[in-house]
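Have the coordinates open as you go.

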Amino acid sequence: MYLSYSAITEEALRADKNIIPLNGPWKFTVGDNLQYAQSNYNDSGWETMDLTAPPGAHDGDVGLSGFIPGWTAKGHSKYSGYAWYRLKVPLDSLTVTNLALTAPLAVDNAYQLFINGSLLGNAGDFSGTVPIIYSIQPRMFLLPENVKKEKYMTIAFRVWMSPAGLGPVSGGIHIAPALGEKTHIEKKYRFQLEQTIKGYIVEVVLPVMFILLASTIFLLNRNSKQTKSCKWFITALVLVGLVRLNQAIYFWFQIESAHQATILGTAILRPLMLGSWLIAWWEWFDLHQPKWLPKIIAILALLYVATQMLGFIWVSNAMIHTHYQTIAGYIRLLLLALVLLITYLGIRKQGTKDLLVLVALLLLIVALFPSEVSELHVIPGIWFPYGVGVSRGQFFYAAFIFVMYVILIQKNRKVELE
């Protein structure tokens, strides 16, 4: 809420005549040749790409404004790899002394920026054969002094998208860069920085809440007989907190590459988190039969780790990685079936006297299995309160934490009365 009422707004930036949105149309081509960066290169045969976004447009994830579909929605649906954007900007009408440029805030997946053939900056590591992808963060570049002596400036973006990034609206630049006087461009840069911060702030708030809940459960149960259940609940809460926190770490700090963040979050933490939650509820309901169930959960969790890892296109063969993804999907369905079985066994053993426990479990199931719940087409997958994308899972996690606190308060009062 605080960031939403910032003095710098999208409307104010649109009205600022000292900021020139570089909507184009840009010259665009797929393929790669470093000669494309040169100002005198003939790009007359290239297609055009307009980066103009309709008012109020934003991405479908965190709410970044000015978002438009990428090249897969504009005639290159199957293409991944290198592509180039070129724009020639006349400088004779610009009287400012300190020219600066804000780089695109949303790009699939890495880019290099060239001004009149010279490399000015980049997002991602292009030193190897295949670029290493990091999160795209707000960037502001001061243009070289010698540029102002020219009548025209050629801006060229060399963009690379991984095959793993293919999707219906993916590919290349999604938010147009902007050109202008340094102090005005700084306002745009700060606005984009605030959008990036508030876009992932929930991914920090939720882990804090999970850790607080885990600490509460530990303190209330450290002298009780249910220490094993307490340990599994704490483990599951810590793991789900790490899964959420990993998102913010990746997008706020460039300490993880995209591959590292995906391996850690998707292939390791998420399967272990699901397995831990199933065992946590198994012990919460104090179930003992069937005895093979915890072992099956552990095996499925490890198989889920393996298939998730092999399901990455950059790990296994491009032709077979989808088969591993399909297997991983079936494993998720088996885990979902097991958590429903545990719920049934818990109700059969303890009855419906603790309805709040069932409510908490239902909320958690919805949060833990987002893709499966989305197939029902009952609850929207994301909302945008205060211009920030908040997923269904994040809302349900918050509700789960609230209900769990109510349950813990009730259990603690019963202990005190006894």
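**Exercise 1.** Work out which handedness the crossing of H6 and H7 has, and how the two helices are oriented.

*Solution.* H6 passes H7 in a left-handed crossing, meaning that the near helix is turned anticlockwise from the far one by less than a right angle. Helices here are DSSP runs (H or I, at least four residues), numbered from the N terminus. Next, take the axes, lines fitted to C-alpha atoms over the stretch in contact, with angles from 0 to 180 degrees between N-to-C directions. The axes of H6 and H7 come within 9 Å and cross at roughly 155°. That makes H6 roughly antiparallel to H7, since angles over 145 degrees count as such. Finally, check the contact (heavy atoms within 4.5 Å): residues including Leu300 and Tyr304 of H6 and Ile331 and Arg332 of H7 make it. They divide into 16 nonpolar, three polar and one charged.

A note on the model: it is predicted, with local features needing pLDDT of at least 70, side-chain atom pairs 80 or more, and totals for chains, interfaces and linings using all residues. Residues are numbered from 1 along each chain as its sequence is written, and side-chain values use heavy atoms, without hydrogens and water.

Methods
Angles under 35 degrees count as roughly parallel, over 145 as roughly antiparallel, 65 to 115 as roughly perpendicular and the rest as oblique. Ala, Val, Leu, Ile, Met, Phe, Trp, Tyr, Cys and Pro count as nonpolar, Asp, Glu, Lys and Arg as charged, and the others, Gly among them, as polar.
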